[in-house]
Amino acid sequence: MFSQKMAPPADEADDRTSALNQHVVDYDIVLRPLSHPELGDIFIGENLFAIGRNEPPFDSYAPEITADLSRRHARIFSEYGAVYIADLDSKNGTTVNGVDIQQKISRLHDGDEICFGKALAYQVSLGPRARTHQPSARLVSLTLTPQREDIGLQPIVITQFPFLISKADDAFARYKDDFPHQVQYLSRRHAHIFLKAGAPFIEDLGSTNGTFVNDERLEERAVPLKDGDVISFGGRHFVYGVSLQTEIAQIDPTVTKLSPLVREGAPQAADTAAPESAAASDKTTFVAAADSFLNIFCIDQAQNKTDAVPEAEEAAPDVEPGKRHPRGKYGTLAAAFMQALGDGGGEKGRLRWVALAATAALAIAAGVAYFGAQPESEVKDLIAAGRAEQAVPVASQALARRPDSTELRSLAAEAVLKTYLPAWIAAQKEGNFDRAAQSLASMRQAGQQNPDMQPMLAELEWLGRLDSFAASHRDAGAPLRIFAEEEQIQALLAHWDQDTQAHQRQLEKIAAYVPEFRETYATGLSHLRRLQSDNAVYLAAMARLKAAIETELGRDNPGALNAVLDDYAQKFPRLAGMDQLRHDLQRYLEIDAAARERRLGALAVRLENPSFSTPPFQAKLRAVASSDRFPPPDVLRQYQPVAKAWREGDARAALGGLQQMKAASWQDAVTRETARKQALLEQHTAVQKGRGNRGQDERLLQMAGMLDPEEDVYFLRALEPELTANRAAVLAKAREHVAQSEQRWRRYQETGGIDASLRLESTLSPKFREQARLLRDAHEDVARSIRIHRQLKAEYPPQWERFQADIDAEAALQRSGLQEQQAGANPALIRAKLQLLEGGTNEK
């Protein structure tokens, strides 16, 4: 049979393991000494590192340096994209950034400062783990074979590490009925078996009754396990022989494979399973899900108080010699009455006894009736009989009368969970999260008077949200959407990180009440670890990308973001939402260019519907809309009827509206817009007259290059039949223009572009004019050619857009450089240079 130790469903385990391995980011951890730099750095390349007085490299330090270290002081471990430090109840404590974490687990980040004791301090440096050489053979499974055949212990096959030896684990708890005392000799966190450089090690976790390897009790250090070793836990009952199953290492070390022993013993389909295999499986415990170091190193001061000590039980009974064992509750009540009667002797004493005997008998009977009527017994009996639903109201009513009863709280919680939790588990497995929410609401209603229920319900609510998120990202390569899902992921992780040990205790408590919950718990942990990995990789990438966008927008250099977006899309293939960012970037570049070039018509129609869907561009537009870069609101209002008439083809009304506009500082833009519309009307007339004449393809291309796709919609529709009729010739001419653009761009680069000396000139030199013309014409040629291809729905090489992006980035860089000079330069000169870059003809 398979152990119930937080294992995912069998049909999902391989896929989930593979998915986790693909996305887990392990770290190389470096501890850089702060208090004693002469000690040198400590490089940690394993998932688990021991800090202790007798652990390397601390055992080689001078005694005065390690005086504050305990023998089992702390552990540093990495697990599913995160690094943690656990203090193991050390004498002098451990701090992280000055905060005491004694008996706690704390997550570590790059740059954190940790201190063991009072003076041994280090700075943490984290970096992605470099790929290391894989051993020629790897451990597939470790089998623990019982050394005694007379007590019915089952072999344990471990295929996932670490493995926690615990009296609460099914691998040992199953013997509680047959051997209760021997199970009690185990601690809740007794020992664990883990891998170090691919080899198995065993470490005692401070258990009460010890862990033995070949009859030697383990002290504070882990020891390696070899074929043929004999290990025992807590005495002479749980004694096992060790055998290791290895195989030749695969090319892909992340693929999890079962050993031949495991494959032979694993359950098979009912129609194909052989009886011998089924019998062998029933007598073997297979551990197919790893424990978590977070659970293994969770310090619980009360964990060993219930451990039995074999020698102590025989040598030091609970009562003093010569005294009887403590009585039960009825005997205690009777003894209280006897003490009340006194120890008077003789006849007087006997008369007193006779006089009060009846009263005592009545009192004892009343006590019996009182104790016998306790609701705890009734609730226990109902739960034991499988009638937990009937136990809920009984426990609730009793708890209302005695809200401080710890036992009643526990029994009430057990009754509620046994009644409603199975339906919640079934709904979660089916992905029916609405029905699961209804079950959770029923649990809240039934447990509203029980303070013990509230933290458990909070964990179930969190686990439901975690499962719901995972269901929408079931595939290992499921995309993660920027500006949409990071807050949800961060909220799920923040809940867990806030007090990991407290969450684990509540979830373990739920599993103790309803054992079938362990599978759901294990599935949730798998989802959590995947989220932790995504947080380490993709959420970190999202944060860097957001910062890059804000930086470039803050510099007024949006053109640089094309390359940034391309880089992130290539490095992080699961990063979704890039199309929205590209759309918003392109939209903002259009608005920004229209504003800088003071093209009133193009700017006004785009501001009517900016259509930004991502926060950084929405915020940037709000910031610049109130600046002098944009026309005042009254100018935009005056232009609205002009734009409406122009889109409807009423050129006379549009031009008349422009002549009546009073735009103050934007009056020059109104004048240029009037000239542009008149030129477009003239070109439209030339196209109509030139039908069938020579040079019509060039006239069409020129007119198409003049049209704005949002402002000049009437003329685009009017031009479409003519473009379609001359499609081949127009597209050929467009390709010629791209070639011209490439020539101009090469010449611009070969002649040195526009360097700082040209931007700083106190006049408009011929050199600046020529370079600005080359850059501007290169941009216009390729932009016109792409626009005509889109209008004709014709394919074009994708490198054209990259070519245009390079030109746009250079133009944006030059504009930014000129704007930075405005504080100490002639403003009119700067404006003139900007106009040359943006298509103006200012010669002043």
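Colleague: Leaving aside neighbours within four places in sequence, which residues is F517 in contact with?

Modeller: F517 is in contact with L421, W424, I425, L460, L463, L507, I510 and A511, where contact means heavy atoms within 4.5 Å. Before we go on, this is a predicted model, with local features needing pLDDT of at least 70 and side-chain atom pairs counted only at pLDDT 80 or more, while totals for chains, interfaces and linings use all residues. Residues are numbered from 1 along each chain as its sequence is written, and side-chain values use heavy atoms, leaving out hydrogens and water.

Colleague: Which residues touch the most other members of the largest nonpolar core?

Modeller: F297, L417, L421, W424, L460, F517 and L545 do, out of 127 residues. A nonpolar core here is a set of buried Ala, Val, Leu, Ile, Met, Phe, Trp, Tyr and Cys residues joined through side-chain atoms within 4.5 Å. Buried is under 20% relative accessible area, exposed is over 50%, and partly exposed is in between (1.4 Å probe, protein chains only).

Colleague: And which helix gives the most to this core?

Modeller: Helix α17 (residues 517-554), with 12 residues. Helices are DSSP runs of H or I with at least four residues, strands are E runs of at least two, and both are numbered from the N terminus. There's also a second, separate core of 28 residues, which includes L142, A171, V213 and Y240.

Colleague: Switching to charges, how many salt bridges are there?

Modeller: The count is 51, taking a side-chain nitrogen of Lys or Arg within 4 Å of a carboxyl oxygen of Asp or Glu. One of them joins R71 and E220, at 3.9 Å from N to O. R71 sits in the loop between β3 (48-51) and β4 (74-78) and E220 in the loop between β17 (216-217) and β18 (223-224), so the pair ties together parts 149 residues apart in sequence.

Colleague: Is E220 buried or exposed?

Modeller: E220 is buried, at 10% relative accessible area, whereas R71 is partly exposed at 45%.

Colleague: Which residues are linked in a network of salt bridges?

Modeller: D556, D592, R596, K620 and R629. R596 lies in helix α19 and is buried, with a relative accessible area of 12%.

Colleague: What does R596 touch, not counting residues up to four places away?

Modeller: D556, R629, R815, Q819 and E838. E838 is also one of the buried residues of α31, and the buried residues of that helix pack against α19 (578-596), α28 (756-759), α29 (766-791) and α30 (799-820).
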